[in-house]
Amino acid sequence: MLARLDLGGTWRLAFTDWQRFGRPASVEKEEVDEARFIDAQVPGEVHLDAWKAGLIQDPYVGLNSLSARWIEECEWSYRRILEVPAEALTGRAWLNCECLDLNARIVINGVEVGKHANSFVPARIEVTGKLKAGRNVLVVHLESGLYGVSDKAGDPYGHGPDAKLHKRHWLRKPQCQFGWDWSPRLVNVGIQGPIALEWTTDAARLERVVPMATLSSDLHSGTVRVRAFIQGLTDAPVTATLAATLGGVGTVRGAATGSSAIEVKPGLHAYELTLTLANPELWWPINHGAQALYQLTTTLTAGGAALATTTSRVGFRTVRFDQSPLPQGGSRFALEVNNRLIFCKGGNFVPADIIRASIDEARYRGLVDRAIESNFNLLRVWGGGLYEADAFFRLCDERGILVWQEFIFACSRYPGTDEGFWNTIKEEATYHIRRLAEHPSLVAWCGNNEIEQGYWEWNYDKNGAVLPDHAIYHHLLPRLINQEDPAKYYQPSSPYSPNHQSPTAHDVGDQHPWALGFFDIDFRKYREMICRFPNEGGFLGPNSLATIKEALPEGQRHAGSISWQAHDNSIDSWTAPSCTDNMTLQWLGKDIRTMEITELVYWTGLLHGEALREYCDNFRRRMFDSAAAIFWMFNDCWPCSRSWTTIDYRLRYTPAFHPVRRALAPVNIVVSQVGDEVVVFGVNERMESIHGELRYGVFALAGGWPIDKTIPVVLKPNASTRLASFPTAQWTDPKGSMAAAILSANGQLVARNRLFLPFFKDMTWSAAAPTVSLEKGIATFHSATFAWGLALDLDGDAQLADNFFDLYPGVAYRIPWAGAQAPRILGIGNLDAAAPRLTADAAKR
Ligand code: BMA
């Protein structure tokens with residue numbers, strides 16, 4: 001067995017700017033000047049330690065991240081005394097470092113034992129013969145990466161003036177740390193993962209087991225190909241046994257076992273055995289079935305002794321992207337799991353913290369819970385962040401959330417013609433393909449974010465380095481997938497179109513529909529948009545009020561303050577006046593620069609929710625001509641004043657959360673204009689038909705339903721069904737009314753929706769005076785006139801059944817309510833009065 005001494009805990013940390021703070025070599029000595037050191041947590045990150053020691057202020061607040069920048073320009077030296085037990089000297093020994101960020105030199109007792117320069121790949125450094133029994137001085141010198149690229153080329157690859165300095169395209173760490181539209185620049189440095197001393201006198205070491213579960217197309221036969229990567233530690237081959245057992249987790253049925261006699265050769269090699277299981281229980285995405293998981297236990301024995309045992313979890317499902325031609329042109333791009341078309345609903349996932357070491361399992365659990373509350377079934381892990389952690393994938397496996405994982409390359413050219421770079425990313429990709437192979441939730445690997453689009457539209461095919469990385473996405477990565485995990489889907493980029501068509505083609509492949517959301521903020525245009533698989537696209541809105549208040553110091557809590565800008569999305573600075581600020585002017589006739597922060601959260605949040613709802617509604621009603629509604633973006637990496645998200649950094653709900661949750665409900669109604677008709681669609685992702693009653697027509701904002709019909713309807717399973725229609729010509733006063741539909745079944749509301757035509761500021765609003773009553777845990781809201789966007793909470797902490805919802809004239813709306821008092825309405829959107837109906841109470845919160 002491999003022995004392991006975990007080296008996590010409190011280390012000491014010193015730094016140098018190569019001027020007055022000493023030299024790294026002095027840290028390696030037996031005796032050091034303790035006054036030069038601060039405490040450091042391992043695993044951890046330097047900003048966190050420096051913050052704790054008072055060298056910087058909380059980098060998540062105000063402008064503090066700017067004044068913490070000196071950290072990225074220093075070299076940091078972690079030091080600890082390593083007490084080595086005598087038995088660690090009897091065989092082979094390694095220092096195993098899961099995540100060194102970034103350029104590392106490891107020194108033991110004054111002797112350099114290894115170097116490392118890729119934070120995405122663990123460093124396993126052989127230290128056999130380099131240790132002594134008892135006291136050893138272990139030092140890990142690290143720099144953020146900036147020194148390492150100082151004499152590398154920036155210009156021919158780079159993307160903006162700041163890239164000339166940071167040259168992130170050379171650095172294998174999350175790219176968003178160098179600043180992104182939604183992320184501050186906060187270049188991490190530190191021992192960000194576990195570090196341990198490992199040793200053994202065994203003849204072999206089991207490095208990793210890579211199980212690949214596949215399922216026959218008739219869904220009746222499961223196979224697990226078990227690849228064990230074993231390092232032979234002797235000079236001659238050794239006879240060993242590789243054995244594996246498979247058993248259902250919990251109540252899941254079925255078991256299989258197998259073993260194989262192997263000759264372990266010196267060095268690291270793969271050895272295989274295969275298990276088969278008849279009629280395995282299937283793994284399904286959420287809402288489509290259960291998430292049956294099997295536990296695989298793999299054991300390596302030699303000379304009658306067990307050398308290692310590992311466990312993994314696998315699931316049996318088929319995955320295919322149907323790209324067959326469609327009669328109306330183009331081709332489908334739709335995910336099929338277990339031979340069933342799955343409409344993919346979700347958001348883009350970015351690193352859950354700008355400081356990587358702060359992301360723990362609890363944070364992942366919170367985010368996956370929120371994804372499920374949002375009615376998602378897929379998260380796209382965007383290519384400028386992280387190869388997500390095992391804990392994240394385990395949760396997605398257990399909860400039925402599908403994952404689209406990108407290799408970490410985004411919005412830049414990368415130096416793929418440099419041999420050193422090529423070799424490191426080859427090692428990195430191989431490592432992660434193997435690491436993630438076991439997860440049934442992983443349905444797609446994608447080469448990068450938007451680099452193919454860069455070739456076509458952003459001059460990546462000219463000026464400076466011409467397509468320096470093409471072979472990475474079109475040659476290296478697909479070849480590695482084929483070699484390491486051949487059953488997985490791979491595409492070179494997102495967005496991407498097959499057959500050398502433009503990646504921005506709307507009717508093939510996946511899309512990033514950004515025609516809206518930047519300069520054009522008229523989100524009604526989503527209604528006309530055709531995309532086969534919209535993989536990102538969205539609008540900006542506020543974080544929750546509580547998070548904004550925490551992030552911006554008092555006196556800075558208004559749009560345009562310097563702290564606001566630091567926490568705002570950078571597209572705000574692209575034009576003057578800013579296109580995002582203009583949203584409220586164009587839609588509401590209101591200027592956010594004059595708004596108090598509570599008003600600002602309410603109004604911009606109301607618009608954000610409307611925009612994302614339009615995005616989701618449009619693509620869902622086209623199910624499966626469009627086979628996804630994946631918006632940009634789900635979560636934040638730090639507290640923002642304005643961002644794209646429905647869940648903010650503190651895991652609070654932003655105002656857009658509930659509108660998106662409703663729009664992605666398993667059963668929903670969409671009211672659309674198609675040609676010269678108003679058409680009501682019923683979207684049903686369940687496998688059973690839904691029989692119900694549809695009330696549809698037109699209601700007046702002032703009250704009453706000028707068109708009011710009720711019919712029985714059937715929503716077909718796993719489809720969008722056209723349920724009812726009427727000529728648009730009958731809708732005579734679009735300024736003073738909305739088309740609407742309400743679906744109920746057995747007297748219970750199932751879903752409802754409405755369609756408006758003019759900008760909100762051009763509509764003729766009536767005042768609303770809703771009543772609220774509470775009885776037996778149910779709050780009932782009622783209004784004689786239409787009431788738009790009732791807000792019950794702006795802080796985003798409350799677990800509410802609904803928020804930012806409407807009252808249709810004369811139609812009661814009920815939600816479960818846990819409070820002892822009836823809910824208080826904090827805001828209503830009706831633009832009848834000059835001022836919003838935000839209560840003084842709300843403004844005080
Ligand atoms: C897309 C993303 C990100 C970016 C987002 C919003 O291009 O892939 O690069 O943050 O747009 O601007």
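Is Trp18 buried, partly exposed or exposed, and what is its relative accessibility? At 33% relative accessibility, Trp18 counts as partly exposed (buried means under 20% relative accessible area, exposed over 50%, partly exposed in between, with a 1.4 Å probe and protein chains only).

## About the model

This is a predicted model, in which local features need pLDDT of at least 70 and side-chain atom pairs count only at pLDDT 80 or more, while totals for chains, interfaces and linings use all residues. Residues are numbered from 1 along each chain as its sequence is written, and side-chain values use heavy atoms, with hydrogens and water left out.

## Backbone details

Most residues other than glycine have a negative phi, and most peptide bonds are trans. Trp18, however, has a positive phi near 65°, and sits in the loop between β2 (9-16) and α1 (24-27). Helices (H or I, at least four residues) and strands (E, at least two) are DSSP runs, numbered from the N terminus. His500 is not a glycine either, and its phi is positive at about 60°. At 75% relative accessibility, His500 counts as exposed.

Let's turn to the peptide bonds. Val42 and Pro43 are joined by a cis peptide bond with omega about 0°, and Pro43 belongs to the loop between β3 (38-42) and α2 (46-52). Another cis bond links Asp101 and Leu102, with omega about -5°.

Helix α7 (residues 419-436) and helix α9 (residues 470-484) have axes that come within 10 Å and cross at roughly 40°. Axes are lines fitted to C-alpha atoms, for helices over the stretch in contact, and angles run from 0 to 180 degrees between N-to-C directions. The two helices are therefore oblique to each other (under 35 degrees counts as roughly parallel, over 145 as roughly antiparallel, 65 to 115 as roughly perpendicular and the rest as oblique).

Contact means heavy atoms within 4.5 Å. Among the α7 residues that meet α9 are Phe421, Trp422 and Ile425, and the α9 residues involved include Leu476, Leu477 and Leu480.

## Cysteines and a buried asparagine

A search of the whole structure finds zero disulfides (a disulfide is a pair of cysteine sulfur atoms within 2.5 Å). For Cys99, the nearest cysteine sulfur is that of Cys97, 10 Å away. Cys99 counts as buried at 7% relative accessibility.

Asn718 lies in the loop between β36 (707-715) and β37 (719-727), and is buried with a relative accessible area of 12%. Leaving aside neighbours within four places in sequence, the contacts of Asn718 include His288, Arg340 and Met623.
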